[in-house]
Amino acid sequence: MTKIRPLFWLLLLILVCRMTFPAGLAASPLNLDEVLKQIDREQGRFQSLTASIERTKVTVVVNDRSTESGQIEIRRDGRMRIDLTSPDQKTILRDGDHFYVYAPKIRRVEEYDLGKHRDLVDQLLLLGFGTSGESLKRSYLITLQGEETLTGQKVVRLELTPRSDDVRKQISKIDLWMNEGNWLPAQQEFYETGSGDYSIIQYLNVARNVSIPDARFRPAWPKGVTRVKPQD
């Protein structure tokens with residue numbers, strides 16, 4: 001059985017950016033084929049972005065909600081940096097096949113080798129971001145739930161059921177709200193298999209296709225930091 005739980009919540013960080021929505025499609029309800037065509041059109045336009053990010057984890061059995069927030073930087077090549085500022089400082093870094101979680105408060109960095117999990121990591125990380133409609137159809141059973149308004153944005157809601165057995169062991173379904181102004185995710189909800197617990201991901205203050213130097217994605221920690229390699 002493939003084990004990816006220690007990494008999984010970090011892989012749910014999916015991205016948004018801005019572009020013009022064609023006026024001709026905005027006037028009438030969209031169907032799934034039209035939505036996938038718009039996603040295809042957006043696929044080649046994304047290079048990078050920075051944004052504010054907020055993730056809320058809901059534990060159903062005890063009705064508990066916990067929220068983390070901070071800033072994210074990501075590039076099309078899959079490199080990613082997240083600097084969380086609330087409730088605790090933390091840096092999450094992906095550089096190729098390596099994943100790092102640095103907690104300055106306890107001067108500790110966890111190091112993960114993605115190795116054979118890289119394809120699965122890329123599938124989740126790039127969900128709705130730089131991915132084609134055909135790629136989504138290969139990875140998920142897609143149901144169009146309709147158009148809504150979310151935080152002042154016109155969005156279309158998709159329900160995704162993973163086709164992969166490995167993904168379904170972790171996630172039973174994903175609700176994905178695609179912003180009709182940019183055809184990238186405005187919000188996602190990931191439902192965990194078995195427990196029914198779920199995570200809500202939102203992105204704000206997006207800056208698209210900005211220059212992000214390689215140095216932002218290099219692991220450079222202060223001297224004296226404890227380095228550990230948890231089993232994944």
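**A conversation about the model**

Analyst: Let us begin with a pair of side chains: Glu 73 and Arg 216 are joined by a polar contact of 2.6 Å. Please keep in mind that this is a predicted model.

User: Where does Glu 73 sit?

Analyst: Glu 73 belongs to strand β2, which covers residues 64-75.

User: And is Glu 73 buried or exposed?

Analyst: Its relative accessible area is 14%. The limit for a buried residue is under 20%, so Glu 73 counts as buried.

User: Which residues does Glu 73 touch, leaving out those up to four places away in sequence?

Analyst: They are Leu 49, Thr 50, Arg 79, Met 80, Arg 81, Asp 83, Ile 212, Arg 216 and Phe 217.

User: Let me step back. How many helices and strands does the protein have?

Analyst: There are 6 helices and 12 strands. The protein has 232 residues, and 47% of them count as buried. Among contacts with a separation of 6 or more, 56% are between residues 24 or more positions apart.

User: What is the order of the strands in the sheet?

Analyst: The open sheet of 12 strands runs β7-β8-β9-β10-β11-β1-β2-β3-β4-β5-β6-β12, and its pairing is mixed. At the edges stand β7 (140-150) and β12 (226-228); each has a single partner strand, so one side of each has no neighbour in the sheet. From one strand to the next, the twist averages 20 degrees.

User: What about β10 and β11, how do they pair?

Analyst: Strands β10 (residues 185-192) and β11 (residues 198-208) run antiparallel and are joined by 5 bridges. One example is Tyr 191, whose bridge partner in β11 is Tyr 198.

User: Which strands does α3 touch when it packs on the sheet?

Analyst: Helix α3 touches β7, β8 (153-162), β9 (171-179) and β11, and its direction makes about 90 degrees with that of β7.

User: Which residues of α3 are buried?

Analyst: They are Val 35, Leu 36, Gln 38, Ile 39 and Glu 42. Viewed down the axis of α3, these buried residues fall within an arc of 155 degrees, so they line one face of the helix. The face turned away from that buried side carries the exposed residues Asp 33 and Lys 37.

User: Why does the length of α3 agree with what a helix should span?

Analyst: Helix α3 has 12 residues, 32-43, and at 1.5 Å a residue they should span 16 Å. The end C-alpha atoms are 17 Å apart, which agrees.

User: Now β5, please. How many of its residues are buried?

Analyst: In strand β5 (residues 98-103), 5 of the 6 residues are buried, which leaves the strand mostly covered. Strand β4 (residues 90-95) pairs with β5 in the antiparallel sense over 5 bridges, and Asp 95 stands opposite His 98. On β6 (residues 108-113), 6 bridges join the strand to β5, again antiparallel; there the bridge partner of His 98 is Asp 113.

User: What is found in the turns of those hairpins?

Analyst: The hairpin of β4 and β5 has 2 residues between the strands, and Gly 96 takes a positive phi near 70 degrees. The hairpin of β5 and β6 has 4 residues between its strands, and Arg 107 in the turn has a positive phi of about 50 degrees. Arg 107 is partly exposed, at 38% relative accessible area.

Technical notes:
Residues are numbered from 1 along each chain as its sequence is written. This is a predicted model: local features need pLDDT of at least 70, side-chain atom pairs count only at pLDDT 80 or more; totals for chains, interfaces and linings use all residues. Side-chain values use heavy atoms; hydrogens and water are left out. The expected span of a helix is 1.5 Å times one less than its number of residues. Buried means under 20% relative accessible area, exposed over 50%, partly exposed in between (1.4 Å probe, protein chains only). The arc is that of the directions from the helix axis to the C-beta atoms. Two strands pair if DSSP finds at least two bridges between them. Axes are lines fitted to C-alpha atoms, for helices over the stretch in contact, and angles run from 0 to 180 degrees between N-to-C directions. Contact means heavy atoms within 4.5 Å. A polar contact is a pair of N or O atoms within 3.5 Å; within protein, one must be able to donate a hydrogen and the other to accept it, and residues adjacent in sequence count only if both atoms are side-chain atoms.
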